[in-house]
Amino acid sequence: MPRRSILSEYERNSLLTFPNTQEELIQHYTFTESDLSIIHQHRGPSNRLGFAIQLCYMRFPGILFPAKEEPDIALLKFVTNQLKDHPSRWEDYGLRPQTRRDHILELQSVFGFKLFNTQHYKKSLLDLHELSWHSDKGIVLSLALIKNLRTHLILLPSINVIEKICSEAITHGNRRIYMSLTASLSPAP
């Protein structure tokens with residue numbers, strides 16, 4: 001039997017949405033001088049742009065840039081303005097698949113991003129322990145989980161994994177609440 005979903009379709013879609021206002025773009029994607037220095041070490045404008053876009057995706061929403069996809073157009077324009085370049089450069093990025101993989105490894109090394117793994121899964125459950133006593137709302141736990149992973153530079157797993165972690169935390173929380181409520185009751189005669 002499939003497990004019950006703890007997130008609505010709208011909530012699932014909203015978890016990894018891109019900023020849609022200029023203020024949010026500035027907040028999440030403005031490069032520091034150090035960022036620009038690292039970006040400009042890459043050869044060719046398309047490689048610099050691709051590296052910068054991948055950096056943005058890793059920072060927010062906290063995912064690897066999906067291969068063979070186009071970046072969010074507002075993000076592409078915002079990044080190219082900072083690099084003093086043109087969005088059309090994107091067409092030439094990643095013609096060699098190894099370039100994209102090399103950039104992912106470099107971003108992990110230089111900026112400290114980590115891929116989500118089983119240790120992060122277990123730690124995420126522990127991190128949600130206290131919150132699961134106070135809420136059984138999937139979106140509340142999902143947002144807390146995502147915020148925590150971003151804070152620790154851990155790239156987000158799929159929405160299905162996020163939902164599974166939160167569902168498990170809710171189940172554990174409900175069991176603890178039930179046990180604490182029934183601990184002092186005597187058995188039925």
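Reply: First, a term: a residue is buried under 20% relative accessible area, exposed over 50%, and partly exposed in between. Note that this is a predicted model.

Me: Which residue does arginine 89 meet in a salt bridge?
Reply: The contact is between side chains, at 2.9 Å from N to O. A salt bridge needs such a distance to be within 4 Å. The partner is aspartate 85.

Me: How many residues apart are arginine 12 and glutamate 163?
Reply: Their side chains meet in a salt bridge, 2.4 Å from N to O. Arginine 12 sits in helix α1 (residues 9-14), and glutamate 163 in helix α10 (residues 159-182). The pair thus links distant parts of the chain, and the separation is 151 residues.

Me: Is glutamate 163 buried or exposed?
Reply: Buried means under 20% relative accessible area. Glutamate 163 has 3% relative accessibility, so the residue counts as buried.

Me: Which helix holds both aspartate 127 and lysine 123?
Reply: These two form a salt bridge, with the closest N and O atoms 2.9 Å apart. Aspartate 127 is partly exposed at 34%, and lysine 123 is partly exposed at 46%. They lie four residues apart, about one turn of the helix, in helix α7 (residues 118-127).

Me: How many salt bridges does the structure hold?
Reply: Those discussed include arginine 12 with glutamate 163 and aspartate 85 with arginine 89. The total for the structure is five.

How values were computed
Residues numbered from 1 in each chain as written. Predicted model: local features only at pLDDT ≥ 70, side-chain atom pairs only at ≥ 80, totals over all residues. Heavy atoms only, no water. Helix = DSSP H or I, 4+ residues; strand = E, 2+ residues; numbered from the N terminus. Buried < 20%, exposed > 50% of the residue type's maximum accessible area, 1.4 Å probe, protein only.
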